[in-house]
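Please find below a colleague's note on the structure.

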Amino acid sequence: MRHSVIPGSSGLVRPMRLLGDPVLHAPCREVTAFDGALGQLIEDMYATMYAARGVGLAANQIGLPLRVFVYDCPDDEDRRHLGHVVNPRLVAADGVTVRGPEGCLSLPGVEAGTPRLDRAVVEGTDRSGAAVRVEGTGFFARCLQHEMDHLDGGVFTDRLAGLRRRRALRAARRAPWADGAAGS
């Protein structure tokens with residue numbers, strides 16, 4: 001029997017920022033206030049991520065340039081990883097480089113084979129300021145690296161080159177949500 005609150009159940013679904021929005025392309029600032037507003041932001045982020053059927057969401061994807069992300073992501077063994085990290089730092093990314101399918105809630109419908117390292121470790125804090133360390137392999141490592149890229153002002157297409165990059169950006173420009181702001 002579950003006795004804890006479901007993440008996002010008290011949150012509001014916020015509008016998603018899409019490729020080309022300046023907030024997605026600038027580094028996020030550190031969180032300095034560990035208060036009720038931060039807790040509500042995290043709840044809203046979970047609600048938004050679940051509504052969009054994602055596995056991770058960074059705060060700048062809903063317009064707030066703060067170093068926070070949430071996740072509910074399986075690894076390659078289908079083990080569920082659920083949590084959030086405030087002021088995260090990528091302290092390790094190693095192992096083999098794997099090119100796998102990757103998409104983004106800020107580029108709906110666009111997917112491309114993106115190279116990522118097979119292991120990632122992120123350290124930061126939780127909503128109350130307590131230290132957390134999250135380690136992932138496989139798909140979950142991909143998720144952690146993807147969210148860290150967002151907080152540094154990047155999107156997954158920045159990791160692509162050549163034909164893959166051109167095809168992904170062309171798909172973004174032609175997407176129904178595009179306003180012509182997709183970069184080259």
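The numbered points below take these topics in turn.

1. Basis of the note. The model is predicted, so that local features need pLDDT of at least 70 and side-chain atom pairs count only at pLDDT 80 or more, while totals for chains, interfaces and linings use all residues. Residues are numbered from 1 along each chain as its sequence is written, and side-chain values use heavy atoms, with hydrogens and water left out.

2. Aromatic pairs. A pair of aromatic rings is described by the distance of the centres and the angle of the planes. Rings of Phe, Tyr and Trp (its six-membered ring) pair if their centres lie within 6.5 Å; planes under 30 degrees apart are stacked, over 60 edge-to-face, and the rest tilted. This rule gives 3 aromatic pairs. One of them joins Phe-69 and Tyr-71, a tilted pair with 6.1 Å from centre to centre and 50° between the planes.

3. Tyr-71 belongs to strand β2 (residues 68–74) and Phe-140 to helix α2, so the pair ties together parts 69 residues apart in sequence. Helices (H or I, at least four residues) and strands (E, at least two) are DSSP runs, numbered from the N terminus.

4. The cluster and its burial. Phe-69, Tyr-71 and Phe-140 form one aromatic cluster. Phe-69 is buried at 0% relative accessibility, Tyr-71 is buried at 6%, and Phe-140 is buried at 1%. Buried means under 20% relative accessible area, exposed over 50%, and partly exposed in between (1.4 Å probe, protein chains only).

5. The largest pocket. Its volume is about 320 Å³, taken as the space filled by probe spheres set on grid points joined across faces, edges and corners. A pocket is an open set of points on a 1 Å grid over the protein atoms alone, where a 1.4 Å probe fits, with protein on both sides within 12 Å along at least five of seven lines; lining residues have an atom within 4 Å of a point. Of the 18 lining residues, Val-55, Gly-103, Cys-104, Phe-139 and His-146 are closest to the centre. Helix α2 gives the most to this lining, with 6 residues.

6. The loop residue. Thr-157 sits in the loop between α2 (138–151) and α3 (162–174). Thr-157 is buried, at 2% relative accessible area. Neighbours within four places in sequence aside, Thr-157 contacts (heavy atoms within 4.5 Å) Leu-107, Arg-165, Ala-168 and Leu-169.
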